[in-house]
Amino acid sequence: MCPGRGIRNFDVMITAEGLSKRFGAKTAVDDISFTVRPGQVTGFLGPNGAGKSTTMRMVVGLDRPSGGSVTVNGKRFAQHHAPLHEVGALLDAKAVHTGRTAENHLLAMAATHGIGRQRVREVIELTGLESVARKRVGGFSLGMGQRLGIAAAMLGDPATLLFDEPVNGLDPEGVLWVRQFVRHLASEGRTIFLSSHLMSEMAMTADHLIVLGKGRIITDAPVSDVIAGGTRSRVHVRSPHASQLADLLARPDVTVMRAEAGVLEVTGLDAAGIGDLAAQHALAIHELTPKTASLEEAYMALTADAVEYRSEAVR
Amino acid sequence: MTTITPTATHPSQGVPTMRLTFGGVLRSEWIKLRSLRSTVWSYLIVIAIALGMALLMSLSMVNGMSGGTDISGAPAGQQHELVMQASTFGVYFGQLVVGVLGVLVISGEYTTGMIRSTLTAVPKRLPALAAKGVVLFVATFVVGAIANLGAYITSSIVFGTDLELFDPNTLLTLAGGALYLALVAVFALGVGTMLRSSAGGIAAVLGLLLLLPTVLQLIPADWAHDIIPYLLSSAGMTMFMAIGADDAAIVGPNAWQSLLVVLAWVGVALAGAAVLLKRRDA
């Protein structure tokens, strides 16, 4: 195939305005507004129960918003002439009848839009399902189910792709495959909206992050900004004069935490500054270790107040 | 498996005519219906029941009669009536099978999660329900017609009577039985859509077809007995069994009125299904 052929101008985006969803008394999504732009992977991050899946389901009209709206390329999903050509969605790996073969599932999905057998064969090859295409889906592993979901999402060659927790439960090979695949789709100019509850996964895949907690947007920024903002470095200080040192460090821009006897965790002053200060006052220091907060910690810090199921999200 | 060909995600020839159409949704539902084993089995059972029941009924009628009177001596009209009774007897059991099938066509999508794929491809939703209804109706009617025709031929052979396939009453009775089966399947589709559960849907449909007439029969009140002819299964039997019969001999609605009663049942089930399908989150 000649390069560039088939590459369309994917200037399609998802726009949510004041989007809300309530289930009875519970508010799953609370008045959120955001835009998902083409040509990059937008990560949708949040603890379990934050409202990510509900938001994605509203994009394709499976859930009806209680308030506000979400559009794809300026129109509600259902109003497009060829919905599968606009958005491909992997919302649930097992959104497939278990008694049907993978191939028949894809043929049935394709038929709605007049998509031919040739394209079905292509997405089967694309997702590496050739050997199991004629087998019934009931016997599929989670990884094969995920591939079939991606094959179905790709049927209409959509400009926008939604992936809800696509690597959940996959083995390392499957995780790598999904990651590469998603990056590749974004490089073609498609709009990719990818959810996960794992910050580390997002750091590998996403360009932009929308962080959701308790149904509200906490952060909407490029991944690099989120990481930079969340990772204030800390210094681990061990000293027999810990309490004297803590008094000396007591300044408005410095935070000191006493982790245990003789140990301080200092934020706001770097290791050199602490060492110099201790030397000036002739205080012995036994350990002085700079520590950079991990992405997970940055994420925890962001969502600390917004964790629905604390025991599940924080250990 | 883990490598990706850079250009492979695009269709080789683009997809120029891609568009969601009702014809496409019909084709999709047809593929879905025929690609499940439960469908194939259900339809084979309908045919087997029709032929088997026709054979059993005809044999027992012929034997029972030849013990007392000579069947060939009976009036032609009476013989014809017996043949028609024997050849449509299977419909009574066939309705249970297609009722279960009609529920499963939609409840199977809810229990497996397939419904989310269906409604993502057809986000306006009602075309998907309509296409399911059309496909199920046509397929069940064709199967029912084959089953009833086979049953009629079987009965005629056992009775030793001539085939009167072009007799309007014969044709209408056989086709009417098939029509009733198709309508029960569509009715069950509506119930299954409303209840979204295989067990609940099947219980509701079988309860209505089998249990309700018996229960009403047992209630010692006139109103209960007056309702019975208007039940789906009673009206359904009347709509093809009473074709050509003298209206005066029928208690309750005649064949054509019964057809309207059956259509009303189906219409109410489909209307409820449409409203709930459109309104609920999937």
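The buried residues of helix H5 of chain A pack against strand S5 (87-90), helix H3 (102-111), helix H4 (117-126), strand S6 (160-164) and helix H6 (172-187) of chain A, together with helix H4 (114-121) of chain B. The model is predicted: local features need pLDDT of at least 70, side-chain atom pairs count only at pLDDT 80 or more, and totals for chains, interfaces and linings use all residues. Residues are numbered from 1 along each chain as its sequence is written, while chains are lettered from A and ligands numbered from 1 in the order in which they are written.

**Stop 1: helix H5 of chain A**

Select residues 142-154 of chain A, which form H5(A). Helices (H or I, at least four residues) and strands (E, at least two) are DSSP runs, numbered from the N terminus. A residue is buried if 20 or more other C-beta atoms lie within 10 Å of its own, exposed if 12 or fewer, and partly exposed in between, with C-beta atoms placed from the backbone. By this rule 11 of the 13 residues of H5(A) are buried, among them A:Met144, A:Arg147, A:Leu148 and A:Met154. The end C-alpha atoms are 18 Å apart, which agrees with the 18 Å that 13 residues should span at 1.5 Å a residue. The expected span is 1.5 Å times one less than the number of residues.

**Stop 2: chain A as a whole**

Now show chain A, with its 12 helices and 13 strands. Of its 315 residues, 47% count as buried.

**Stop 3: a sheet in chain A**

In what order do the strands of the open sheet lie? The 4 strands run S11-S12-S10-S13 in chain A, with antiparallel pairing. Two strands pair if DSSP finds at least two bridges between them. Strand S11 (255-260) and strand S13 (287-291) of chain A stand at the edges with a single partner strand each, so one side of each has no neighbour in the sheet. From one strand to the next the twist averages 20°.

Select residues 234-238 and 263-267 of chain A: these are S10 and S12, paired in the antiparallel sense over 5 bridges. A:Arg238 is opposite A:Val263 in S12(A). Axes are lines fitted to C-alpha atoms, for helices over the stretch in contact, and angles run from 0 to 180 degrees between N-to-C directions. Two residues are in contact if their C-beta atoms, placed from the backbone, lie within 7 Å.

**Stop 4: chain B**

Switch to chain B, which has 10 helices and 0 strands. Of its 282 residues, 46% count as buried.

Select helix H5 (residues 126-159) and helix H10 (residues 255-279) of chain B; they pack at an angle of about 150°, with axes 9 Å apart. Residues B:Leu126, B:Leu129 and B:Gly133 of H5(B) meet B:Leu270, B:Ala273, B:Ala274, B:Leu277 and B:Lys278 of H10(B).

**Stop 5: where the chains meet**

Show both chains. The contact takes 51 residues from chain A and 42 residues from chain B. On the chain B side, the elements that give two or more residues are helix H1 (22-34), helix H2 (37-68), helix H3 (76-112) and H4 of chain B.
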